[in-house]
Amino acid sequence: MNLVGNTDLAFSEEQAMLMDVAREFCRDKSPIAAVRDQLETDTGFDAALWQEMAGLGWSGIALPESVGGSGLGVGALVPVVEAMGRAMLGTPLINTALAAQLILRSGSSGQVERLLPPLVEGGIATLALLDNGDWGADGLALRLGEDAVLTGSKRFVGDAGVADIVVASASRGGDAVLVVLEAEQLAGRLRPNTLIDQTRRAADIDFTGVQVEAANIIAGDRVAAALRDVRLCGALLVAAEATGSAAACLDTIVEYLKTRKQFGKLIGSYQALKHPTVDILTGMEDARSFVYHAATLLGEDNLDRDAEVACRMAKAQASAILSYAGDRAVQFHGGMGFTYECDAQLYIRRAQWTQQAFGDAQHHRKRLAALLLD
Amino acid sequence: MSATEAELAEFRSDVSAWMADNKPADPGFLLPQTFMEVGDERQLEFLREWQHKVWSAGYLGMAWPKEYGGGGVEPVFQNIADQEMRRHDVPICFNVIGLGWAGPLINDIGTEQEKSKYLKGILSAEDIWCQGFSEPEHGSDLGNAQTRAVRDGDEYVLNGQKIWTTMGNFAKYMILLARTNPEAQRKYDGLSFFLSPMDVPGVETRPIRKITGEYGFTETFFTDARIPADCLMGEEGQGWSIAMQTLQYERGAEAGAAGGLAMVRVTVEDMVEGLEGVERDGAPVLEDPLVRDQLVQAIMDEKALVLSVRRTGIAHLTSDYPGALPLSNKLRASELTRRMRQLAINLQGGEGALYVGDDTARQGGFWQRAYFNSFSATIGGGTSQIQANIVAEHVLGLPK
Ligand SMILES: Cc1cc2nc3c(=O)[nH]c(=O)nc-3n(C[C@H](O)[C@H](O)[C@H](O)COP(=O)(O)OP(=O)(O)OC[C@H]3O[C@@H](n4cnc5c(N)ncnc54)[C@H](O)[C@@H]3O)c2cc1C
C-alpha cells in the first residue's frame, strides 16, 4: 500500500515564462478598481482585455499547434489561471479552454479543425454540464432525439450570454453525446443567473425544440471519457484560480492587520487574528502544491488514476482554504468587513462560488476515499 | 564533479544490501521511537552500538569533512542512505542533538580546534550531546534565560538550572545558553553560548518521568560548576544569535545535519494497515463513510507535506511568500503527526483505551505511546504557537 503515492512536481520553462507574463499582465490590467468596474456590467469582463489575452495566445495554450494553439497542454494553463485568480480577473478563459478540451478529446478531426481555430483567435466557448445543482450526477438528462431535436435544459452555464458556441452533454438513446450549439440557435433561451460571485456570469438554458446540425453532434466511445477528464480539468483550473484568489485574500488580510490599531496596538499583534492568518498561508501553500502536482501529471491522454487523485485533492484543498480565507477576511475587518466597499466581499463571494464549482470538497473526498482506500 | 546517475544507483543498492544484512533483530525490549525517549542504559547501549555501526560502514556524516570523521562526499549520498534506512525501517541514529544541531553548528561556525575535538565523537556516538536551553521559568521566552556563567581566570563558573534536558543523564557535552552579562540593555545581548562538558563537579542531572511513564529528559543543576573558558563559542554576548542558528537546524529550516533517522517512521499507511480487523457497526472500519473522510484528509495532509518539500526547490513557485515553506515545516509536520496518531487511537474503538503493557493492545499500544510522544515535537524546539508567531512575523510581516 502506498497511500501518498505519486508526488511528482515539475515546473517547465514554458510554465515559468507564462507565469511571469501573466502576473505582470494581471497586475497592470486588472487592478482591483478594474475588477470592481465589471461587477455590474452585462458580460462581467472587458472585451478589449479579452482580445489582448487572446493575442497573447492564452486561449490556445492547451490546444495543439494544428489548430493554431501552442500545444502545451492544460498544465501550462495553470500558472495563467492562478495569476488571474490572484488579480480576481474574471473572463471566459476557463470556460473556453474547457469547452475546447471537450471537443479536442472527443470530436472527429473535422470537428476539431472547424470548431477550435476560432477559439484560438478570441472566440468564446462554454460548456453546459449540469441538469441541476448536483455535480455528482452524470448530467445526461438533456435528450437528443432521433430527429436531432433536443428536449430539456441545463443550469449554471458560465458565460452563456457571450459564448459563440455552447457544448452541452446529452444522451441519445442512453449513450452520452455532446452537442455543439451556435449562439443564434439559443437566442431568447437564456435565463441569466444572479451569481454570488459578481466577477462571473452564468445562465440557465432551455434547449427544448432546438435542432442540432448533424456536423455538430459528437458521439462515440470517447465522449464519456472526455466528459470525465474535462470535469477533472475543470476542478483543477478552478482550484488554480482559487489558490490565486486565496493568496490575494491573504494579502488583503495581512495589509489590514498591519495598519489597523485598537487598544493602542496593531491588531496583527493579537494572536486570535495572527494564527488563523498563518493557517490561511499554510493552507494556501498546500493548495498550490496540489495544483502544480496535478499540472505535472496532466497529459494529452486520458487522465490516469494519479492525475485524477491530484485534481481532486487540488480542488478539495483549494476550495476549502479559499472559503476559510474569505470568511476570516470579513471577520478580521470588523464593521468594515461587512461593507460592499471592503474587498473582503469579493473573496467571500468568490469562495462560495468556487466551493460548488466542479464539485465541492466533500464530493471530491468521497471519490478520493474510493480511489485510495478500496 | 557531481555523481552520475549510475553511481548513485549503485550506491543505493549497496546501502540497501548493507541495511538488509545488518538490521538488528528485535532486542526484546521497548525501543525509543525518537531520540527524546532514551530512558535506560539498555536502550542507550543498543542505539549507541547501532549508530557506531552505521557510521563505521560509512553511511552517516557522509557530507561532513573527511578530516573530522565524515565522508566528504555530496549530500545526495546521505539523502539516499537516509531513504534506504527509512525503507528498511532500521533503528534511529539517536545522537540527534549532536548529529542534527550541534554538529552542523560546529561545522558552520566552529573553530578548527572545536571541529577536531567534537565532530568525530558525535558521529561515532562515543560522545552524546544534550541541549541546555530551557529553564523552569523560561521556556518559550528563551531570551530571558537566567543560568549564570561568570568568567574567573581561564574558567567560567556556572550556576542555575536547566530543565527538559533530553538525554541529560547520558550526555558528555551540552550546548548551553547562559547569561554572562545580567546588566546588558537587551536581555538577548547578555547571553553566551557554550560547548560545555557534563562530567565536571557541580553538574547534576535528575531524570523526569514523562507522560508515557518512561524516562528521557532531566532536570540539570549547576552549582559552582567550573568549565574551561575555551568552552565559550564565538564571543560573549553572541549567545542568542548562535542559539537561533541552532534552532534553524533543529526546525529543519537550515541544512547540514549528519543524517540518519531521528525518529521511527510512521505514515498514514501504517495507520491504515494498523486498522486491520477493526470493526465499526459490525463492518470493517474502512467502510465507514465518516472514517473514510477523516483518512482521506490525513492522506492529503501528508501528501501536501511531501509535495511542499519538493516545491521548495522551484524558485517560481516559492517566490511570493519567501520562507513560507521551510519556516512552517516544523509546525505543519509536527501538528499533522499529532493529529494522525490521535486519530489512529480513536479509530480503534474499545481497544483505543488500552495502553502499552496490555498484551491485547493493538500493536502493543504503539499508537497510544506514539500519540503521547508526538507532543515532544509540538512542544520541544519551540512550541507550535511560537512557530505560528514566527511564520506570522517573519513570512507575513505581522507585528509582534
Ligand atoms: C520531549 C521534550 C524534550 C525537550 N528537550 C529539550 C532539550 O533537550 N533541551 C531544552 O533546552 N529544552 C527541551 N525541551 C523544552 C522545550 O523546548 C520547551 O518545553 C518549550 O520551548 C516550551 O517551553 P515551556 O515548557 O516553558 O512552556 P511555556 O513557554 O511556559 O508555554 C506554555 C504554553 O504557553 C504557550 N505560549 C508561551 N508563550 C507564548 C506566546 N508568546 N504566544 C503564544 N503562546 C505562547 C506555549 O505554546 C504553551 O502552549 C523539551 C521539551 C519536550 C516536551
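In this predicted model, a polar backbone atom of W164(B) lies 2.8 Å from a nitrogen atom of the ligand. On its own the ligand has 970 Å² of accessible area, and the protein covers 68% of it.

The surroundings of the ligand can be followed by element and by residue. In chain B, β3 (155-166), α10 (366-379) and α11 (384-395) are the elements that each give two or more residues to the shell around the ligand. There are 19 residues around the ligand, of which Q271(A), S134(B), S140(B), W164(B) and T383(B) come nearest. Because the residues that surround the ligand come from chains A and B, the site is shared between chains.

Helix α10 of chain A, residues 305-332, packs with helix α8 of chain B, residues 289-311, at an angle of about 100°, and their axes are 11 Å apart. Angles of 65 to 115 degrees count as roughly perpendicular, so α10(A) is roughly perpendicular to α8(B). On the side of α10(A) the contact is made by V309(A), M313(A), A316(A) and Q317(A), while α8(B) contributes I299(B), M300(B) and K303(B). The residues of this contact between α10(A) and α8(B) divide into 5 nonpolar, 1 polar and 1 charged.

Key:
Residues numbered from 1 in each chain as written. Chains lettered and ligands numbered in written order. Predicted model: local features only at pLDDT ≥ 70, side-chain atom pairs only at ≥ 80, totals over all residues. Heavy atoms only, no water. Axes fitted to C-alpha atoms, helices over the stretch in contact; angles between N-to-C directions. Helix = DSSP H or I, 4+ residues; strand = E, 2+ residues; numbered from the N terminus. Parallel < 35°, antiparallel > 145°, perpendicular 65-115°, else oblique. Contact = heavy atoms within 4.5 Å. Nonpolar A, V, L, I, M, F, W, Y, C, P; charged D, E, K, R; others polar. Near = heavy atom within 4 Å. Polar contact = N/O pair within 3.5 Å; in protein donor to acceptor, adjacent residues only side chain to side chain. Areas by Shrake-Rupley, 256 points an atom, 1.4 Å probe, with all protein chains shown as cover.
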